[in-house]
Structure formats: structure tokens, C-alpha cells
Amino acid sequence: MPKGRGLPQTDNDQDRMRCVIDAQGNLVFASPAVGWSVGLSGETLVDKPASSILNVVSCRDNKHQPLSFGSLQSGFYEIALLRRDRDPLLVDARIDLVDALNDKKYTVIWLDLDNKLKRQRNNDFNREARDFTSFVVDNQKKAVEIPATPAPPAENISKADGELRHFLNLTSDLMGVYRRDGSFGRVNATFNRSLGYTDAELRTFPFIDLIMPEDRELAQTAMQKILQAPRDQEARADFEVRTRCKEGSLRWIRWSHKTAGDYIYVVGRDMASLKQHEAELKRREAQLFEAQKIGRMGHWYWEIGQQGMEWSDQIYSIFGVDKNSFIPTVEGVKALILKRDLGKTYRSFQRAVVRKKDYELEFRLRRPNGGIRFIHCEGRSKIDPETGEVVALFGIMQDITERTLHERALQEAKDAAESAYASKTRFLANMSHELRTPLNAIIGFSEMIQSQLLGPVGNSRYLGYVGDIQRAGRHLLDLINDILDMSKIEVGKYELHVEEINVGKLICQALNMVEGHAHEAQVRLVTDDLPMDIHIVADRRALMQILLNLLSNAIKFTEPGGSVEVKCLRELGGVALVVSDTGVGIPQDKLNIVTMPFEQVSSELTRKHEGSGLGLAITKDLIELHGGTLEIDSDVGIGTAVTVLLPEKLPDSKHVKTMLADATSDRSAELTH
């Protein structure tokens with residue numbers, strides 16, 4: 001950026017409040033604003049004594065005695081403006097002594113109504129004063145050399161020329177024509193009015209002298225390209241520079257040059273208002289960006305029928321994708337949204353298009369680098385006023401993951417607190433029932449064998465009793481194992497031994513183990529299109545226990561003639577296992593408690609089906625140890641679907657012990673045999 005004071009403000013600029021005084025104390029230049037302040041015209045003040053409009057006062061002199069210009073040094077002072085028909089006005093000022101051309105001395109006074117100059121510590125006032133004084137003296141010299149020319153008679157202006165000037169003077173752009181040597185030939189009235197020079201004054205210096213010295217290199221480089229072009233070809237150059245007005249102020253102007261033969265046509269556009277507008281837009285955009293960043297919110301726009309979408313920067317952050325590499329499209333968004341939420345998301349947008357109303361929904365997405373986020377989407381439909389049809393959808397998206405998880409945690413804590421005492425009572429009741437029944441069988445049949453009630457032990461009926469004893473003992477063992485597993489998980493001592501597992505084969509093994517149970521219950525097992533090429537890293541025993549618990553529950557609560565279906569699907573970043581049945585279902589108000597330890601759905605089901613209430617609780621904990629999630633969807637009388645989401649690779653944890661090396665060795669050994 002060029003050095004100096006930068007771009008002055010057009011409406012309130014201290015550059016306009018300044019004057020130049022020669023060695024005799026007479027005014028060489030006074031800006032229009034100085035003249036307005038004292039009630040006179042700036043041009044009428046030239047060659048008049050400076051003491052007629054201002055007195056310099058020492059800040060350290062309490063008596064405020066006037067000082068002579070000959071005794072001043074460069075620095076800050078107080079000046080009394082002698083206003084016409086009004087009381088004097090005391091203002092701050094900056095005074096600089098300048099040795100200009102021809103060894104003449106001048107004094108430049110900068111009036112500072114807003115006390116801004118003292119805060120510009122890095123400003124080189126002396127250099128600017130010399131530059132400005134040279135500019136004033138040079139223009140003054142050229143103005144003296146301009147011969148007075150009478151105004152041309154009206155008959156010398158053709159009708160066409162007069163009409164053309166009227167049109168040119170209507171525009172707010174600065175227009176002019178100058179020769180290849182840089183001298184001006186003609187300008188429109190806007191040019192004169194904006195920069196303050198008359199036609200005669202403009203003919204005394206080349207166009208490049210209008211440009212600030214710091215910006216001239218840029219302008220000269222652009223102008224050289226068009227000047228070096230062949231005369232029979234049109235060439236154009238555009239550049240934006242600071243341009244000096246006659247009274248000393250600066251304006252940012254974008255100049256466009258075009259050659260035509262021996263002449264160069266120039267059009268300038270004042271960029272001050274545009275720059276202020278751009279600065280305001282940038283400020284508002286920055287505020288909007290910060291507000292959206294704080295609220296984890298972004299805006300989007302999508303035209304119906306188009307693949308591409310428009311996203312704000314925050315939407316990329318919400319979806320966890322890189323703005324430079326990810327192109328937002330409908331298919332790209334669908335790939336990130338969880339499959340279970342795609343249907344309701346599509347229906348919400350479809351209803352918005354059909355009903356032409358606002359819409360609101362929530363969905364979940366999985367980021368490419370892992371992690372599920374909860375998103376709230378709210379928006380509107382854009383309607384074509386001519387056809388009345390919806391042509392676009394737009395709105396905002398907000399990441400509500402932390403809020404959702406916090407609300408869930410609060411609800412879970414509330415439910416846990418309310419049911420803590422009741423859980424103990426239910427546990428004792430369930431355990432007393434579950435332990436009493438098999439123990440009675442063990443004790444009763446053992447006594448019958450001991451007393452040989454039916455005769456010698458060699459009687460074949462004793463074999464049946466022995467079988468009953470065995471089944472009761474195994475049932476007790478299962479209960480005790482569940483309690484021990486639950487205890488290990490709760491105290492953090494359950495260790496996972498992970499290896500690479502073919503999920504499809506493991507599902508087949510689990511189905512073989514429950515096939516007899518399903519046959520006895522007259523329940524059909526369905527496994528259509530089970531993939532055999534999906535592998536994940538997991539604990540084989542724990543994953544088998546998860547499958548057996550889900551399959552056993554599904555068979556247990558499905559009436560004869562029903563079915564249990566198992567699916568295995570690829571999910572973004574992992575695999576989804578879905579076990580669904582056509583059983584009795586679970587009431588909606590019980591879905592949040594069925595995975596809690598020792599909880600069962602109802603007293604009727606508890607009496608009909610044996611169980612400790614630990615199966616789903618252990619299943620959920622084993623899934624979470626793998627870094628996965630368990631979700632249950634159910635309708636009473638229709639059935640239940642349990643979805644297990646497992647990542648391809650387990651997160652780092654002290655509970656994980658890898659067996660990948662052992663598994664690799666085992667596979668190598670199998671290949672050698």
C-alpha cells in the first residue's frame with residue numbers, strides 16, 4: 001500500500017481545512033473549507049494577510065497572546081479562526097515550515113477540528129507539507145502563464161456539438177480526451193466539477209500529474225502498454241489510483257483508457273462511495289460469519305432440479321468437509337446423511353415444494369472423518385411470481401449435537417434417578433423368582449433320586465430327572481455369567497480381544513446356534529442376500545454374544561408363525577447389523593428403559609418369558625465398548641427392529657487388546673496346509 005495518509009474521507013477531511021502562507025505572511029492558498037469557516041470564499045483569500053483570518057496561540061501561554069509567523073516552529077498549536085460577523089473559534093492545528101522552490105519559504109497550516117492529527121504518530125507531516133506546497137506553487141505558476149481567452153461565441157458551437165456536451169455532462173463519470181503526449185484536449189463538466197480544474201488549467205500539465213506520486217508507477221505501466229500499441233489498433237488499459245483535486249484532497253478513481261489514432265479517451269469513476277459500500281458489506285459479512293460461527297449455523301440455497309447447491313462457509317464446517325475439495329451437490333449430501341434419515345428428509349423437502357410452505361426438520365449425518373452429528377434444518381420455499389411454482393429451497397442448518405446429547409444425558413439422568421430405587425426392588429423380585437425355580441427343581445429331583453422314591457436308581461425315569469437338573473443348572477450358570485459380565489463392564493475391567501472378522505460368516509454361525517430354538521418356537525429365520533465380503537475389527541466372543549442376545553430376544557417375543565430377519569449393510573465408516581422381528585413389539589414409553597440393567601417391558605411378559613433383564617443391557621455396553629451405537633424402533637403388535645452400528649476399526653482404548661498379528665499368523669498357517 002502506498003505510504004502517506006491513505007484515502008481521505010470525502011465528507012469530513014482535514015485535508016480540506018488547510019492553507020499555505022508565504023514568507024511575507026500572505027495567503028498563497030486557502031481550501032474552500034477554510035473560507036467557509038471564516039465566512040469568505042477561498043479564492044478571495046489568496047494574497048491577503050493570513051492574520052486577517054487566523055491568529056496562532058501558544059498552548060503554554062495562559063494569556064493566549066498572538067504569535068508572529070516568523071517565530072513559529074513545526075509542531076502542534078492552537079489557532080483562533082477570525083470568523084466574519086461571529087466570535088473567534090479556537091481549534092487545534094498542525095504547522096509545518098517548508099523550504100520550497102526557488103529558496104522561498106512557506107508555512108502550511110493544517111486545521112484539525114476533530115483532533116485527529118495528534119493521533120497519527122507515524123505520519124510524515126513535513127514530507128506531505130513539502131509535496132502539497134510544491135503542488136500549490138506549481139499550479140499557481142502555470143495559472144499565471146495561461147493567457148486569458150474570451151468565451152467563444154455561441155454560433156461557433158455546432159448544434160451537434162452542443163447536444164453531445166449536454167449528454168456527456170449528464171453522467172456522473174469523469175470523461176476526457178488527451179493527446180499521446182499527455183496534454184488534455186477536452187473534458188466534460190463532471191471532470192471539472194469533481195477535480196476542481198478548469199479546461200485552461202488542465203491544458204498546462206499532462207494527465208499523469210493528476211496521479212499521486214506513490215501511484216504513478218502503476219498508472220505509467222498501464223498507459224505505456226496502450227501507447228506502445230500500433231496507432232491503427234485500439235488498445236485499452238484500466239487502473240485504480242489516488243487522484244489529486246485542485247484544492248488538495250485525494251479521491252480514489254478507477255480510470256479506463258482507450259486509444260484511437262492520435263488521441264486517448266479516458267473515463268474515470270469515483271470509487272469513494274463504492275469503496276464505502278464495499279467496506280460496509282464486508283463488515284456486515286464479517287458480523288454474519290462470526291454470528292453463524294458462534295451459533296454453529298450456516299445458510300444454503302438450492303434450485304429445484306439442479307445438482308449443485310450453494311453453501312456458506314459454516315455449512316462446510318458443519319458437514320466436516322473441505323471447501324476447496326468438496327463440491328456441494330444433492331448426491332454428495334445424500335452420501336453423508338444417515339440412511340435411516342434419508343426418507344424423512346426427502347419427504348420434508350417434497351412436502352415443502354408441494355405445499356409451498358416453510359419447513360423444519362432434524363436429521364443425522366456422519367462426517368467423513370468419523371462421528372455422527374445432529375443437524376437442525378429450517379427454511380423456506382422460493383416461489384416464482386409468474387408461475388406460482390416453487391423454483392428453489394433455501395434456509396439455515398445448525399449443528400445441535402451438543403445440545404441434543406446434553407438433553408439426552410439430562411433425560412437419562414432424570415430417568416435413572418427416578419428408577420434407581422425401583423430397580424433394586426425389581427432386581428430382588430426377579431432374582432428371587434429366577435433362582436427359586438431352578439433351585440427347587442435341583443433340590444426336588446435330587447431328593448427323589450436320593451430317596452429312590454420310584455425304586456432303585458437304575459430306573460430309566462431317573463435319566464429324565466438328571467436332564468432336568470442339568471438344564472436348571474445351566475440356566476443358573478447363564479444368570480450368574482450375565483451378572484458377572486455386567487459387573488466387569490460397570491467397573492471397567494471387561495477386556496476386548498480384537499481381530500479381523502468376516503461379519504457374514506459370524507452371522508451364519510449365530511443363526512446355526514439359535515436354529516433349534518427358532519424351530520421349537522415355530523419362528524422362521526430370514527437371511528436374504530447376506531454379504532460375505534464385509535470385514536471389521538472386533539472381539540469375536542463379544543460380537544457373537546451381541547448377535548445371540550438379539551436373535552434370542554427376537555425369537556422369544558415372536559408368536560408362532562412369525563419371522564425374524566437379519567441384515568448386514570455397509571454404513572459410512574463402518575457396518576450396520578439389523579435384527580427385526582414380527583413379534584409383540586415394545587411400547588414407545590418403554591424404549592428408553594429396555595437397555596437398562598434388570599429392566600423388563602411389563603409384568604405380563606416377565607411372567608411369560610424367563611430372563612434377568614440383563615441381555616440388552618450387556619449387549620448395549622459391549623457395542624459401546626466397540627465404539628458403536630444401538631438403536632431400537634418398535635411398534636406394539638407389529639414388531640421390533642434393532643440396529644447395531646459398528647465402526648470398521650475400534651477407537652483407541654485401554655480395554656482393547658489386539659489379536660490382529662495372531663489372526664494373520666493363523667490365516668498364513670491355514671494357507672500353507
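R94 lies over the face of F76. The distance to the ring centre is 5.0 Å. This is a value from a predicted model.

A pair of aromatic rings is described by the distance of the centres and the angle of the planes. A search of the whole structure finds 16 aromatic pairs. One of them joins F349 and Y359. Their centres are 5.5 Å apart, and their planes stand at 70 degrees. The pair is edge-to-face, because that angle is over 60 degrees. Where do the two partners sit in the chain? F349 belongs to helix 10, which covers residues 339-355. Y359 belongs to strand 15, residues 359-366. Y359 has a relative accessibility of 7%. That is under 20%, so Y359 counts as buried.

Aromatic residues also gather in a group. Y178, F184, F191, F207 and W255 form one aromatic cluster.

Now turn to the cysteines. A disulfide is a covalent bond between the sulfur atoms of two cysteines. How many disulfides does a search of the whole structure find? The count is 0. Is C19 buried or exposed? Its relative accessible area is 0%, so C19 is buried. C508 has a relative accessibility of 28%. That value lies between 20% and 50%, so C508 counts as partly exposed.

Key:
Residues numbered from 1 in each chain as written. Predicted model: local features only at pLDDT ≥ 70, side-chain atom pairs only at ≥ 80, totals over all residues. Heavy atoms only, no water. Phe/Tyr/Trp six-rings, centres within 6.5 Å; stacked < 30°, edge-to-face > 60°. Helix = DSSP H or I, 4+ residues; strand = E, 2+ residues; numbered from the N terminus. Buried < 20%, exposed > 50% of the residue type's maximum accessible area, 1.4 Å probe, protein only. Lys NZ or Arg CZ within 6 Å of the ring centre and 35° of its normal. Disulfide = S-S within 2.5 Å.
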